[in-house]
Amino acid sequence: MRLNAVQIEQFERDGYVLADGFLGAEEVAHLQDCYMATVDRLSRERSLQNVQSGDDDDEDFQVFQIRTAHLQHPVFRMLINDSRLLDMVEGLLGPDLRLIHYQGLYKPARTGGEVGWHQDNHYFNVAENRTVSVWLALDDATVENGCMWYLPGQHREALPHEQLWDTDEKKGFYFAIRDLDDSTAVPAEVKRGGFAIHHCLMPHRSLKNGTDRPRRGIAMHFMDAKMPDPSMLKILPEGATPILRRSK
Ligand SMILES: O=C(O)CCC(=O)C(=O)O
């Protein structure tokens with residue numbers, strides 16, 4: 001699947017683009033099964049991270065993370081190599097593509113927590129901001145169950161982030177933009193099987209899941225493979241950032 005000219009123009013102007021119908025119902029159902037099997041296994045192995053960043057007690061609210069998803073289940077490895085997906089990303093980043101981060105982000109019904117405002121490239125540090133994120137919905141993502149929010153057009157500069165927690169106490173998500181004027185924020189509601197793609201300088205956040213249904217998403221972050229290795233790679237496990245496409 002390739003983004004059309006209108007979608008690319010919207011991405012450049014607003015910093016994001018949404019689209020429904022990327023995956024069919026059967027593909028979504030299969031991914032949901034594999035996703036929950038992976039969550040259950042990581043939970044049994046006590047390696048399921050909770051990256052929720054709200055002020056509430058961590059025990060009460062969760063954003064569970066399937067970290068380096070392609071190393072956790074073959075279905076995620078297949079997804080990241082899917083030519084429909086890579087064609088789409090190639091339209092924004094060019095023909096040399098490398099995976100830089102890959103995570104399932106699962107907000108359970110009623111106890112799904114928040115992810116604070118941040119820009120992805122604050123974490124990745126890829127030169128020239130040559131990264132793009134694709135957030136794929138495995139459930140209809142709505143305001144009520146904790147969809148993402150964006151600030152249209154505010155993807156032009158890197159903003160300062162503050163560390164939220166002592167990294168010894170919490171692993172995972174620990175930087176956020178404080179005191180951001182979010183009065184122009186818009187929700188990125190996406191149907192299951194659809195996606196939201198955002199520029200790596202697009203500030204984004206997500207709120208709690210107050211519904212009786214889960215909100216399961218998969219965030220796939222790509223960089224231009226021609227860029228030098230960013231510092232983030234040093235903390236990732238072996239095999240976490242494969243080259244997915246190379247130009248001739
Ligand atoms: O899934 C979410 O709620 C947050 C995702 C996110 O922050 C990201 O993909 O960078």
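**Figure 1. Surroundings of Asp 20 in the predicted model.** Leaving aside neighbours within four places in sequence, Asp 20 is in contact with Val 190, Lys 191 and Gly 194, where contact means heavy atoms within 4.5 Å. The model is predicted: local features need pLDDT of at least 70, side-chain atom pairs count only at pLDDT 80 or more, and totals for chains, interfaces and linings use all residues. Residues are numbered from 1 along each chain as its sequence is written, and side-chain values use heavy atoms, with hydrogens and water left out. Asp 20 belongs to the loop between β1 (16–19) and α2 (25–44); helices (H or I, at least four residues) and strands (E, at least two) are DSSP runs, numbered from the N terminus. At 49% relative accessibility, Asp 20 counts as partly exposed; buried means under 20% relative accessible area, exposed over 50%, and partly exposed in between (1.4 Å probe, protein chains only). The side chain of Asp 20 reaches the backbone nitrogen of Lys 191 at 3.2 Å. Such a polar contact is a pair of N or O atoms within 3.5 Å; within protein, one must be able to donate a hydrogen and the other to accept it, and residues adjacent in sequence count only if both atoms are side-chain atoms. Between the C-alpha atoms of Asp 20 and Ile 8, which are 12 residues apart along the chain, the separation is 15 Å.

**Figure 2. Strand β11 and its pairing partners.** Strands β1 and β11 run antiparallel and are joined by 4 bridges; two strands pair if DSSP finds at least two bridges between them. Within this pairing, Ala 19 stands opposite Phe 195. Strand β6 (residues 131–137) is also antiparallel to β11, with 5 bridges joining them. Here the bridge partner of Leu 136 in β11 is Phe 195.

**Figure 3. Nonpolar cores.** The largest nonpolar core has 40 residues, of which Ile 197, Ile 218, Met 220 and Phe 222 touch the most other members. A nonpolar core is a set of buried Ala, Val, Leu, Ile, Met, Phe, Trp, Tyr and Cys residues joined through side-chain atoms within 4.5 Å. A second, separate core of 23 residues includes Val 51, Val 63, Ala 188 and Val 190. Beyond its neighbours within four places in sequence, Ile 197 is in contact with residues including Leu 3, Phe 11, Met 88, Leu 92, Val 132 and Tyr 150.

Figure 4. The residues around the ligand are Leu 105, Lys 107, Val 115, His 118, Asp 120, Trp 135, Met 148, His 204, Ser 206, Arg 215, Ala 219 and His 221; a residue is listed if one of its heavy atoms lies within 4 Å. Ser 206 has a side-chain N or O atom 2.6 Å from an oxygen atom of the ligand. For Asp 120, a polar side-chain atom lies 2.9 Å from a ligand oxygen atom, and for His 118 the corresponding distance is 3.1 Å.

**Figure 5. Salt bridges.** The structure holds 16 salt bridges, each a side-chain nitrogen of Lys or Arg within 4 Å of a carboxyl oxygen of Asp or Glu. Asp 87 forms one with Arg 2, with the closest N and O atoms 3.6 Å apart. This pair links distant parts of the chain, 85 residues apart: Asp 87 lies in helix α4 (residues 83–93) and Arg 2 in the segment before α1 (5–14). Asp 87 is buried at 15% relative accessible area, whereas Arg 2 is exposed at 54%. Asp 212 and Arg 110 meet through their side chains at 2.8 Å, N to O. Asp 212 lies in the loop between β12 (204–206) and β13 (215–224) and Arg 110 in the loop between β4 (97–107) and β5 (115–118), so the pair ties together parts that are 102 residues apart in sequence. Asp 212 is exposed at 63%, and Arg 110 is partly exposed at 49%. Salt bridges that share partners join Arg 2, Asp 87, Glu 90 and Arg 245 into one network.
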